[in-house]
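Q: Could you take me on a close look at one part of this structure, the place where the two chains meet? I would enjoy a connected walk through it, with a word on the surroundings too.

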Amino acid sequence: MLSRLVLRAAPAALRSLPPPVAVGVLHTTRPLHTTQQSLAPLPPLPEKGGEVRYGLIPEEFFQFLYPKTGVTGPYMLGTGLLLYFLSKEIYVINHETVAAACILSVFIYGVKKYGSDVAAFADKLNEEKVAKALDVKNEAIKGLETAIEQEKKEQWRVEGRSYLFDAKRNNIAMLLETNYRERLLMVYNEVKKRLDYQVAMQNLKRQKEQDHMIQWVEKNVVQSITPQQVLAFLSLLYVLVYTNICCPVILARC
Amino acid sequence: MNLSFFDQFTSPCLLGIPLILISLLFPALLLPSPDNRWITNRLSTLQSWFLHLVTKQLMMPLNKKGHKWALILTSLMTFLLMINLLGLLPYTFTPTTQLSMNMALALPLWLATLLTGMRNQPSISLGHLLPEGTPTPLIPALILIETTSLLIRPLALGVRLTANLTAGHLLIQLISTASIALLPTIPTVSILTTTILLLLTLLEVAVAMIQAYVFVLLLSLYLQENI
């Protein structure tokens with residue numbers, strides 16, 4: 001029974017640990033199917049790792065010794081320990097020492113020279129990963145914004161619809177008017193043609209009658225001229241010419 | 001503690017308890033396990049990037065069936081790399097200097113590739129014993145030579161790794177002993193020797209990485225022929 005109490009209390013107690021430890025420990029201590037499965041969202045990683053001096057000793061050690069021994073405390077401790085080990089031959093200087101010095105110098109040189117580059121490379125890999133995801137998001141946002149703009153444009157076009165219909169209506173009215181006037185003109189022309197025909201007919205008829213009458217009168221006049229009249233006219237003309245009374249006038253007239 | 005030159009190659013024991021298992025498993029503890037996150041810390045990112053690179057390089061020449069070997073080859077490469085590099089530190093024991101360990105890695109894996117080839121495509125596998133375009137009179141001799149070369153492969157794999165690492169470690173020991181011994185008498189020569197030791201250390205770092213890569217690369221080559 002007590003174990004059950006401990007098991008129930010364990011998750012709450014373990015949640016108070018620092019987050020990375022808590023996550024790992026919770027994985028192992030979460031009772032099966034009794035608590036709700038919420039390990040998300042994961043707590044964020046800290047920005048920087050723990051502060052370390054000389055690549056080995058955490059800063060907290062120096063802070064721990066500072067109240068009692070000041071700034072030089074840890075260094076005195078280190079030097080003393082080293083000299084103790086050397087003098088008591090707990091650590092013996094042999095060929096491994098030189099080999100150790102060599103490999104450590106190579107390692108420290110490598111870290112100092114290429115450390116920041118490697119860190120930047122790792123950061124770049126992560127940045128690329130995030131950038132890819134952000135790209136997807138931005139593409140989606142851009143696509144949606146373009147869709148919004150196009151939608152707004154369509155709405156503006158819809159507003160202009162009434163003008164379009166008015167124009168179309170006017171157009172059709174004009175077409176109808178034009179058609180009507182054309183047909184009116186056609187009617188007028190046709191009627192005029194008919195009336196012109198009638199007028200021309202009448203004129204022709206009158207002309208024909210006039211011509212016929214002139215011809216008839218001329219024919220009858222010519223027919224009615226007797227030979228005595230011809231002789232009398234000719235003798236008069238002869239007299240007039242030979243007497244020269246109106247010679248030039250007659251000649252001019254002839 | 002006074003060390004002889006070969007103390008570094010003895011399998012470590014503490015109060016009668018063999019520590020070989022710890023020395024084999026410890027390097028893996030130094031590698032971060034992949035966290036349940038999308039963006040990990042720098043070390044995990046670099047580790048993922050490196051494993052991705054290695055797996056891609058190893059698996060590119062292999063066909064799809066060969067990709068089943070991805071896990072074992074990549075993990076073998078990481079294992080050997082870590083062991084070799086950590087062995088360069090002072091007072092450490094390098095398991096890959098032991099012939100027994102290297103043969104235990106090389107022989108079963110080589111045999112696995114051979115048996116895969118013999119089982120699935122025996123004629124192609126045996127056909128590798130005769131290079132193309134050999135003149136007819138030479139065929140029997142060449143078959144014998146190729147068979148010998150085939151059977152010597154596991155031995156070569158194991159011994160190559162052992163010899164390279166053992167020789168490197170021994171050389172480091174010898175030259176550092178020389179430089180320490182010369183220090184009281186001729187300091188100049190001692191400094192020269194130390195310079196040589198520095199260069200040798202650089203070489204040993206390179207050799208450690210290259211030997212691990214070559215071991216795995218040759219295994220993947222043998223696999224390519226047979227799968």
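**A close look at where the chains meet**

A: Let us start with one stretch of chain B: over residues 138-158 the chain is 95% helix and 0% strand, with the end C-alpha atoms 31 Å apart. Please keep in mind that this is a predicted model. For residues 69-89 of chain B, the span is 81% helix and 0% strand, and 31 Å separates the end C-alpha atoms.

Now to the contact itself. Chain B brings 27 residues to it and chain A brings 28 residues. Together the two chains bury about 2700 Å², and carbon and sulfur atoms give 70% of that area. On the chain B side, the residues that lose the most area to chain A are Arg37(B), Trp38(B) and Tyr91(B), which together make up 22% of what that side buries.

What about polar pairing across the interface? Nine residue pairs are in polar contact between chain B and chain A, counting pairs with both residues at pLDDT 80 or more. There is also one salt bridge across this interface. Its partners are Arg42(B) and Asp123(A), whose side chains meet at 2.9 Å, N to O. In chain B, helix H2 (42-59), helix H6 (139-182) and helix H7 (187-226) each supply at least two residues of the side that touches chain A. By type, the residues of that side divide into 15 nonpolar, 10 polar and two charged.

For the surroundings, a search of the whole structure finds 10 salt bridges over all chains. Glu190(A) is partly exposed at 31% relative accessibility, while Arg194(A) is exposed at 52%.

Another pair in helix H6 of chain A is Asp196(A) and Lys192(A), four residues apart, with their side chains meeting in a salt bridge at 3.5 Å, N to O. Asp196(A) is partly exposed at 40% relative accessibility, and Lys192(A) is partly exposed at 39%. Shared partners join Glu190(A), Lys193(A) and Arg194(A) into one salt-bridge network.

Technical notes: Residues numbered from 1 in each chain as written. Chains lettered and ligands numbered in written order. Heavy atoms only, no water. Contact = heavy atoms within 4.5 Å. Buried area = accessible area lost by both parts, 1.4 Å probe. Salt bridge = Lys/Arg side-chain N within 4 Å of Asp/Glu carboxyl O. Polar contact = N/O pair within 3.5 Å; in protein donor to acceptor, adjacent residues only side chain to side chain. Nonpolar A, V, L, I, M, F, W, Y, C, P; charged D, E, K, R; others polar. Buried < 20%, exposed > 50% of the residue type's maximum accessible area, 1.4 Å probe, protein only.
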